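Student: I have a model open and some questions about it. Can we go through them one by one?

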Amino acid sequence: MELTQVANGIWKMRIGTPEQHTPVALRAFPMREEALEKLAPAELPGQAGQITCRQNRRGLQITLPMDSSEDIYGFGLQLKSMNQAGRKRMLRVNSDPVADTGEGHAPVPFYVSTGGYGLFLDTFRHVEVYMGTSLEKGRSEQRREVNQVHKEFSESALYALKKNSEVRRVIIDLKAVDGVDLYLFAGSVKEAVQRYNLFSGGGCLPPMWGLGVWYRSYGGSDQKSVENLAEGFRREEMPVDVLGMEPGWHSHSYSCTYQWSYLFPDPETMIEKVSRQDYKINLWEHVFVYPAAPFYQELQPYAGEYEVWNGLVPDFCMPEAGKIFADYHREEFVKKGIAGFKLDECDNSDLNASNWSFPDVTQFPSGMDGEQMHAAIGGLYQNLIYDVFRQENRRTYSQVRSSGALAAPMPFVLYSDLYQHKQFIRGMVTAGFSGLLWAPEVRDCKNGADLLRRMETIMFSTHAIYNCWRIPNPPWKQVDIAKNLAGEFMEDADYYTDVCRRYHRVRMSLLPYLYSAFVKYQWEGIPPVRALVFDYEEEPEVRNVDDEYLLGDDLLVAPMTLEDGTERKVYLPWGTWHGFWDDAVYEGGREHVIHAEYDRIPVFVRENCILPLADPVEAVGKDTVFTIRPRVYGNGGEGCVLYEDDFETFDYEKGCQNEVRITRKGDGELEVCRMGEARRRYVIAGRE
Ligand code: GAL
């Protein structure tokens with residue numbers, strides 16, 4: 001084992017001889033060294049000296065100490081649990097895991113412990129990690145308690161996780177490798193995650209339009225119906241920024257041709273028409289290349305051994321494959337105005353009868369095997385698409401169904417078909433521990449109340465998206481799929497339309513605030529959506545809160561589901577909190593029972609801050625200037641900072657960005673201080 005310091009608060013431990021293809025070896029973004037230097041200097045975590053490693057025919061077994069008070073978070077997107085202490089995680093890409101095994105769309109071999117460190121294992125292999133599940137032989141030798149009365153006879157009581165008082169171990173079980181690099185990140189949960197994100201290259205900064213409302217249209221849409229939908233939203237004053245096209249736009253979609261079908265006789269005119277109304281278009285696709293695709297022959301030498309849905313699986317680790325795919329996307333779509341893609345099915349599903357994707361034993365021309373490729377393909381695909389936009393000096397905000405290590409710089413949001421609202425909320429909370437973004441999409445809804453609850457959640461997330469690929473009319477007109485298909489609307493469609501419109505407007509008013517949260521993600525590595533434990537690690541009550549989260553600096557969101565009805569418990573951390581919708585004041589450091597009608601999501605604002613809410617616009621256009629109406633809470637604290645730039649290119653990296661700081665002076669007046677020479681995009685109401 002060889003230990004080297006990589007940056008302030010980050011160390012690499014090399015064990016044996018690592019493999020050739022790893023996340024760090026294939027990284028596309030450099031580490032943000034300067035930002036890391038700005039963090040408080042950190043010492044090597046004490047655990048480092050206690051790491052053991054054993055190598056045998058099974059592979060590598062690495063252990064670290066873990067004490068009884070440690071809580072563990074991370075491992076990528078985990079929909080079924082948040083605190084991983086006491087659990088085993090099996091990190092393997094699987095789009096439809098049935099149990100809480102650790103598998104999922106985006107497993108990441110990174111975790112963070114309240115014991116003061118984070119750990120990243122630089123591998124694409126399946127990893128199994130035991131987070132303090134077992135004691136070593138002899139640890140229990142002194143136990144003598146006998147004849148303890150059993151109070152409850154049930155399986156749950158029998159197997160209930162007993163909080164143990166002994167030191168346990170983290171065991172990392174990595175098979176069939178001769179070595180691996182292990183990275184240690186020092187600090188609290190927040191600092192260790194920050195370091196991991198900055199090591200990854202810093203968080204992404206989406207274009208402003210990406211933060212608006214998204215609407216994925218019906219899979220069977222034709223050109224006219226998409227144009228009508230676009231017009232309809234504007235006519236009904238329903239703010240929407242992005243229109244998504246589902247598989248029906250391809251002339252063949254499973255696998256893909258990447259060519260418009262007969263339903264879209266003149267896509268260029270459609271793109272031009274909707275662009276004039278300030279919409280952006282996002283295209284659904286996946287990587288599996290159908291024989292009728294124009295670049296099939298060219299790609300063949302650079303594809304893996306097995307097909308998926310009759311299509312080639314490109315080896316994106318080969319620059320040739322990436323170039324063929326990228327050149328085509330650039331010329332055919334990006335240059336013609338397409339603003340992003342939905343990279344579907346780049347995960348894996350191999351345990352059911354409708355098994356799809358390539359086997360783990362697949363050989364790829366680059367030398368990677370299928371097991372590695374499953375963990376890598378989502379990231380490689382994102383890099384490739386990101387690069388196409390980058391070369392055009394345009395930012396994208398896109399979707400992807402699988403991701404993995406070092407993903408923070410990628411402006412791609414994860415989503416899923418597993419459609420459990422509570423799990424979707426948890427997804428937001430867990431994704432933030434590993435540099436991922438997650439969309440709690442609205443799709444099918446049981447009834448109007450379900451629609452409202454799900455819709456409220458997306459509006460207070462990092463991706464406000466309706467995925468209406470199964471319904472031709474908006475869900476606020478009809479939630480029942482059969483009736484929607486038949487064009488039959490709900491009796492109270494007007495009511496649901498009004499509530500949704502109200503929330504679309506709230507979303508638009510949050511855009512500048514959210515944009516600032518992303519700037520922070522990029523430069524400081526602090527995720528825009530965070531579990532409470534990030535900011536309040538010392539409060540034991542927050543350690544297991546997986547259904548509330550912080551959004552940006554000053555909002556705490558506690559979404560509700562249909563099952564919650566109109567009441568839920570909300571834990572508010574220390575300090576004073578204000579209701580976002582009214583003047584209510586709440587004392588923190590305890591739980592509150594909150595009553596909220598179906599059209600109200602509980603949202604709280606931290607005491608002593610300024611919330612820069614904007615007057616809502618229908619969509620973000622090239623020349624949009626937001627009018628900001630700052631809301632002052634308490635004494636305004638340090639105020640707020642907004643960022644002005646063109647909202648869509650990379651010029652901000654060259655300094656074309658203003659920092660606009662709004663603070664409250666002693667006399668109660670607001671002060672606006674603007675630094676930078678870039679174009680003005682905000683007018684502060686009453687001040688300018
Ligand atoms: C699924 C995807 C859905 C939708 C559908 C279309 O795989 O998760 O969001 O796009 O494909 O076939």
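Student: Where is S357 found?

Tutor: This is a predicted model. S357 has a positive phi of about 90 degrees, although it is not a glycine. As for its place, S357 sits in the loop between β15 (340–343) and α8 (370–391).

Student: Is S357 buried or exposed?

Tutor: The cut-off for buried is under 20% relative accessible area. S357 has 11% relative accessibility, so it counts as buried.

Student: What is the phi of F647?

Tutor: F647 is in the loop between β29 (640–644) and β30 (658–664). With a relative accessible area of 2%, F647 is buried. The residue is not a glycine, yet its phi is positive, near 65 degrees.

Student: Which residues of helix α5 are buried, and within what arc do they fall?

Tutor: Helix α5 covers residues 267–276, and its buried residues are P267, M270, I271 and V274. They line one face of the helix, because seen down the axis of α5 they fall within an arc of 100 degrees.

Student: What covers the buried residues of α5?

Tutor: Contact here means heavy atoms within 4.5 Å. The cover for the buried residues of α5 includes α4 (223–235), β13 (242–245) and β14 (280–285).

Student: Which residue follows α5, and what is its phi?

Tutor: The residue after α5 is D278. Its phi is positive, near 65 degrees.

Student: What joins Y254 and S255?

Tutor: S255 lies in the loop between β13 and α5. Omega between Y254 and S255 is about 5 degrees, and the link is a cis peptide bond.

Student: How much of the ligand does the protein bury?

Tutor: An oxygen atom of the ligand is 2.9 Å from a side-chain N or O atom of Y254, and for W284 the distance is 3.3 Å. A polar side-chain atom of D417 lies 2.5 Å from a ligand oxygen. Taken alone the ligand exposes 310 Å², and the protein buries 94% of that.

Student: How many charged residues are in the shell around the ligand?

Tutor: Of the 13 residues around the ligand, E246, K342, D344, R401 and D417 come nearest. By class, the shell has five nonpolar residues and one polar residue, and the charged ones number seven.

Student: Which backbone oxygen does the side chain of Y73 reach?

Tutor: Y73 is in strand β5 (residues 72–76). At 0% relative accessibility, Y73 is buried. Beyond its neighbours within four places in sequence, its contacts include M82, Y111, F433 and R543. At 2.7 Å, the side chain of Y73 reaches the backbone oxygen of R543.

Definitions and conventions:
Residues numbered from 1 in each chain as written. Predicted model: local features only at pLDDT ≥ 70, side-chain atom pairs only at ≥ 80, totals over all residues. Heavy atoms only, no water. Near = heavy atom within 4 Å. Polar contact = N/O pair within 3.5 Å; in protein donor to acceptor, adjacent residues only side chain to side chain. Areas by Shrake-Rupley, 256 points an atom, 1.4 Å probe, with all protein chains shown as cover. Nonpolar A, V, L, I, M, F, W, Y, C, P; charged D, E, K, R; others polar. Buried < 20%, exposed > 50% of the residue type's maximum accessible area, 1.4 Å probe, protein only. Helix = DSSP H or I, 4+ residues; strand = E, 2+ residues; numbered from the N terminus. Arc of directions from axis to C-beta.
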